[in-house]
Amino acid sequence: MNAAGVSAARGAQKGSLAALQQVLGLRIDEDLLQLALTHRSFAYENGGLPTNERLEFLGDSILGQAVTVMLYRDFPLLPEGDLAKRRASLVSTTALAEIARGIGLGDFVRLGKGETLTGGRDKSSILADTVEALIGAAYLDTGVESATALVLRLIQPMLSDPGHFGISMDPKTSLQETAARLGAGVPVYSVAESGPDHSKVFIATVTVGSSVTATGEGTSKKHAEMAAALDAWTRLRTRT
């Protein structure tokens, strides 16, 4: 769906299942779709409902297969190492979160009150996990061909925009190069962590001189720094 279509869908019925299905270009059973949108924070606050984590597990596999086959077919001259790097980029938390923001997925996620108050609708880890859960739901309800087509629609903006594809592959290097070109200073990172050992969340902050301060979240220090770098790079680009 194009940008105008996404905007119209949001405006017509923000946060509803019908609007989300319009954005996705695919009808998915509503009960399954609700499950795909159910974060564990919502489930725990509402009596221990099922969460989207099993669908996320399934969707991760479908996503990886669809991207692998697409890259193999569409880039016949690329060696295995380059194909692996591109696949890692396209299925990364950073890329999936950017895709989610592009379709306004945060409006639809079912979050607990606490997670909502702390900005959960824009957290990269939550957005990326929800994208995978949606892919899993699409597979169960509509089959592998429809789910694969959904994956390819979602990642198409990344493939169509070399600039965004590059930043998703290596956002820290891209940020450093952009900051140097603009004379904005050297990016400086700091990372905090929270949560139990089995479920830690890392929050990175990057400061680029006096120009930009951005944050990012991930399940590892590396992923958090990548998410923060992507946010900072986007902010720097909008100022040029």
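A residue counts as buried when its relative accessible area is under 20% and as exposed when that area is over 50%, with partly exposed in between (1.4 Å probe, protein chains only). The structure shown is a predicted model, in which local features need pLDDT of at least 70 and side-chain atom pairs count only at pLDDT 80 or more, while totals for chains, interfaces and linings use all residues. Residues are numbered from 1 along each chain as its sequence is written, and side-chain values use heavy atoms, with hydrogens and water left out.

Helices (H or I, at least four residues) and strands (E, at least two) are DSSP runs numbered from the N terminus. Of the 240 residues in the chain, 43% count as buried. When contacts (heavy atoms within 4.5 Å) between residues at least 6 apart in sequence are considered, 54% of them join residues at least 24 apart.

**Pro171 is a buried residue of helix α12.** This proline belongs to the helix that spans residues 171-182, and it counts as buried because its relative accessibility is 1%. Although Pro171 and Ala227 are 56 residues apart in sequence, their C-alpha atoms are 7.8 Å apart in space. Once neighbours within four places in sequence are set aside, Pro171 is in contact with Met226, Ala229 and Leu230.

**Asn52 sits in the loop between α4 and α5.** With a relative accessibility of 4%, Asn52 counts as buried. Its side chain reaches the backbone oxygen of Ala36 at 3.0 Å. Apart from neighbours within four places in sequence, the contacts of Asn52 include Leu35, Leu37 and His39, and also Thr130 and Ala133.

**Strand β2 pairs with β1 and also with β3.** Two strands pair if DSSP finds at least two bridges between them. Strand β1 (residues 187-194) runs antiparallel to β2 and is joined to it by eight bridges; among the bridge partners in β2 are Thr207, which faces Val188, and Phe202, which faces Glu193. On the other pairing, seven bridges join β2 to the antiparallel strand β3 (residues 212-218), where Ala214 is the bridge partner of Val206.

**Two hairpins link the strands.** Six residues lie between β1 and β2 in their hairpin, and Gly195 in that turn has a positive phi of about 95°. The hairpin of β2 and β3 has three residues between the strands, and here Gly209 takes a positive phi near 55°.

**Strand β2 (residues 201-208) has a covered and an uncovered face.** In a regular strand the side chains alternate between the two faces of the sheet. In β2 the covered face holds Phe202, Ala204, Val206 and Val208, whereas Val201, Ile203, Thr205 and Thr207 make up the uncovered face.

**The largest pocket is lined by 29 residues.** A pocket is an open set of points on a 1 Å grid where a 1.4 Å probe fits, with protein on both sides within 12 Å along at least five of seven lines, and its lining residues have an atom within 4 Å of a point. The space in this pocket is about 630 Å³, a volume filled by probe spheres set on the grid points. Arg40, Ser125, Ile126, Asp129 and Thr219 are the lining residues that lie nearest the centre of the pocket. Helix α9 (124-142) is among the elements that supply at least two lining residues, as are α5 (53-74), β2 and β3, and α9 gives the largest share, five residues.

Note on methods: Polar contact = N/O pair within 3.5 Å; in protein donor to acceptor, adjacent residues only side chain to side chain.
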